[in-house]
Amino acid sequence: MSIEEKVVELLTEKNYHISFAESCTAGLCSSRLVNVANASKVFNAAFTTYSNESKVKYIGVNPETIKEYGVVSESVAEEMARGVALETESEIGVGVTGIAGPAGGTDTKPVGMVCFGFYVNGEVKTFTQNFGNIGRQEVRNASCAFVFVTLLDLLK
């Protein structure tokens, strides 16, 4: 059984619904979820909020949070996860924002840095992973792998 299948199974058992707000992964995580048969029982919605404006308009990220912490931050990932869950009436919300590269990194926020937010029934946990400058698609793949491993852990 794949990790995505395990996540769908746990969501189904708990009668939970999930929604995603993805930036650097651009829908890859939600796409992996719908590879699973019966994902429609647990999957509510996904937003690819690539621009700052779309994060603010569609999932309720506070523009002051972006201004203070930067769009690639645990604070923004937290607001993305909470916002998408509340907007779609889901028990689970996932927010992903990062720098896939090959450009865009800085000394404090290098290429390969990705921030994650996981909203689970009103509580949000955040994480930052630095996957390194391993290539754009590999950062995206590693980010989605982290999402599903973390979901599995949080749902158990």
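Author: Let us begin with a word we shall need: a residue counts as buried when its relative accessible area is under 20%, and as exposed when that area is over 50%. Please keep in mind that this is a predicted model, and that, of the 156 residues of the chain, 46% count as buried.

Reader: OK, and how many helices and strands does the chain have?

Author: There are six helices and five strands in the chain, and along the sequence they follow the pattern α-β-α-β-α-α-α-β-β-β-α. The radius of gyration is 14 Å, close to the 15 Å that the globule rule gives for 156 residues, so the chain is as compact as a globular protein of that length.

Reader: What does the C-alpha trace span along its principal axes?

Author: The trace spans about 45 × 30 × 20 Å along those axes. As for how the chain folds back on itself, residues 24 or more positions apart account for 62% of the contacts with a separation of 6 or more.

Reader: Switching to helix H5, which of its residues are buried?

Author: The buried residues of H5 are Val-76, Ala-77, Glu-79, Met-80, Ala-81, Gly-83, Val-84, Ala-85 and Thr-88. What covers them includes the strands S1, S2, S3 and S4, together with the helices H3 and H4.

Reader: You mentioned H4 as part of the cover. Is Thr-65, in that helix, buried or exposed?

Author: Thr-65, which has its place in helix H4 (residues 63-69), counts as buried because its relative accessibility is 9%. Leaving out residues up to four places away in sequence, Thr-65 touches Gly-70, Ser-75, Val-76 and Glu-79. Val-76 and Glu-79 are also among the buried residues of H5.

Reader: What happens just after H5?

Author: Just after H5 comes Glu-89 with a positive phi of about 55 degrees, although Glu-89 is not a glycine. Glu-89 is found in the loop between H5 and S3, and it counts as exposed because its relative accessible area is 69%.

Reader: Which other residue has a positive phi although it is not a glycine?

Author: Asn-15 has a positive phi of about 60 degrees without being a glycine. Asn-15 lies in the loop between H1 and S1, and with a relative accessible area of 56% it is exposed.

Reader: What about Tyr-16, where is that one and what is it in contact with?

Author: Tyr-16 lies in the loop between helix H1 (3-14) and S1. Setting aside its neighbours within four places in sequence, Tyr-16 is in contact with Leu-11, Val-42, Glu-91, Ile-92, Asn-121 and Leu-155.

Reader: Last topic, then: which peptide bond is cis?

Author: The peptide bond from Gly-101 to Pro-102 is cis, with omega near 5 degrees, and Pro-102 lies in the loop between S3 and S4.

Reader: And the charges, how many positive and negative side chains are there?

Author: The chain has 13 positive and 18 negative side chains, and the centres of the two sets lie 3 Å apart. The accessible surface comes to about 7400 Å², of which 48% belongs to carbon and sulfur atoms.

Methods:
Residues are numbered from 1 along each chain as its sequence is written. This is a predicted model: local features need pLDDT of at least 70, side-chain atom pairs count only at pLDDT 80 or more; totals for chains, interfaces and linings use all residues. Side-chain values use heavy atoms; hydrogens and water are left out. Helices (H or I, at least four residues) and strands (E, at least two) are DSSP runs, numbered from the N terminus. The radius of gyration is taken over C-alpha atoms; the globule rule is 2.2 Å times the number of residues to the power 0.38. Buried means under 20% relative accessible area, exposed over 50%, partly exposed in between (1.4 Å probe, protein chains only). Contact means heavy atoms within 4.5 Å. Accessible areas come from the Shrake-Rupley method with a 1.4 Å probe; for residues, only the protein chains shown count as cover. Lys and Arg count as positive and Asp and Glu as negative; His and the chain ends are not counted. The place of a charge is taken as NZ of Lys, CZ of Arg, CG of Asp or CD of Glu.
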